[in-house]
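Let us walk through this structure step by step. Keep the coordinates open as you read.

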Amino acid sequence: MKNKILSLFALCACSFLLSGCLSSALTPKVDHTKIFILNPEANPVALEGLSGVKMKVDFVQAPVYMQDYKIVASIEGKSELDVSESNRWIEPPTDSFARVITANIIKLTGSSDIYSYLFVTSRASNADAVLNVCVTDCIGQLNGKLKFRALWEIDSAQKNKSEKPSYKTGIFTTEVAIGATYDSYVKAMEKALFELSQDIVKNLQEQPKK
C-alpha cells in the first residue's frame, strides 16, 4: 500500500512538472528589441545662394565597427565595445549616413539637384560636384559623449577631359552629449551628422561659381 502511495505521488509530481514545462514553452516571450532609424534635421534654415547647386553624394563610409545592424557603444575606461543585442538599426549604418547627409544638404541648400548613390537617376549626370565622405569615428557611451570624426572631399565633376579638376577637402570633428538611453545615443548621432552636413554646405558657399 505504501509503495502504491509513493508511486502515485511520484506520478502527480511528474505531471505537475511536465505541465509547468509545457506552459513555459508555449507562453509567448516578450521581445524587448528596439529598432532605430537615423533621421535628418527636421527644419534647418537654408543658406542663401545655394539653390542652384548640383551635386552627387557619390560615396559615404561608416566605421568598420558599425557594419552590423547591432548598435555599438564604448565602455568607460576599457578598450572593448558593447554590442547591444536588443538595440538595432533598421538599415546598414553606411546607408543611413548617406541618406541623412543627402537629405540634410538638400534642406540646407534648398536645391532639388542633390543626388545620392543610393537612388540611381539619370539626372545625376548633370552634377557639377561630387561629394565623398568617410566617417572614421562615431562612438560613445551612455551618459557620456559621442566622439565623431569625418573626412570629406568635394570634387568637380569633369564632364570632358579638357576641364581642369578642382577639389576641396575637410576634416570635421565634434563631441555630442549622450543621455542614459539608446534613444539619446541615436539623437546624438543625428546631431553630429547634421553638423557635418553644415560644414560641407558652408564650404560649398566658398566654391568658385562656374
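This is a predicted model. Start on the surface. Ile 35, Ile 37 and Ile 90 form a nonpolar patch there.

Now go inside. In soluble globular proteins, nonpolar side chains tend to be buried together. The largest nonpolar core here has 46 residues. Seven names stand out for touching the most other members: Phe 97, Leu 131, Val 133, Leu 146, Phe 148, Tyr 185 and Leu 196. Several elements each supply at least two residues of this core: strand 2 (55-61), strand 3 (70-74), helix 2 (93-109), strand 6, strand 7, strand 8 and helix 3. Helix 3 gives the largest share, 12 residues.

Strand 7 has a covered face made of Leu 146, Phe 148, Ala 150, Trp 152, Ile 154 and Ser 156. Its uncovered face carries Lys 145, Lys 147, Arg 149, Leu 151, Glu 153 and Asp 155.

Ala 129 stands opposite Ser 156 of strand 7. The hairpin of strand 6 and strand 7 has 4 residues between the strands. Asn 143 in this hairpin takes a positive phi near 65°. Strand 8 also runs antiparallel to strand 7, again with 11 bridges. Here Lys 145 stands opposite Ala 177 in strand 8.

Finish with the aromatic rings. How many aromatic pairs does a search of the whole structure find? It finds 2. Why is the pair of Phe 148 and Phe 172 edge-to-face? The ring centres are 6.3 Å apart and the planes stand at 65°, so the pair of Phe 148 and Phe 172 is edge-to-face; the cut-off for that class is over 60 degrees. This pair links distant parts of the chain. Phe 148 belongs to strand 7 (residues 145-156) and Phe 172 to strand 8 (residues 167-177), 24 residues apart. Both Phe 148 and Phe 172 are buried.

Tyr 182 and Tyr 185 form a tilted aromatic pair, with 6.2 Å centre to centre and 55° between the planes. Both tyrosines lie in helix 3 (residues 182-205). They are 3 residues apart, about one turn of the helix. Tyr 182 and Tyr 185 are buried as well. Tyr 185 is also among the core residues that touch the most other members.

Technical notes:
Residues numbered from 1 in each chain as written. Predicted model: local features only at pLDDT ≥ 70, side-chain atom pairs only at ≥ 80, totals over all residues. Heavy atoms only, no water. Phe/Tyr/Trp six-rings, centres within 6.5 Å; stacked < 30°, edge-to-face > 60°. Buried < 20%, exposed > 50% of the residue type's maximum accessible area, 1.4 Å probe, protein only. Pairing = 2+ DSSP bridges. Patch = residues over 30% accessible without salt bridge, like charges linked within 9 Å, V, L, I, M, F, W, Y side chains within 5 Å. Areas by Shrake-Rupley, 256 points an atom, 1.4 Å probe, with all protein chains shown as cover. Salt bridge = Lys/Arg side-chain N within 4 Å of Asp/Glu carboxyl O. Core = buried A, V, L, I, M, F, W, Y, C linked by side-chain atoms within 4.5 Å.
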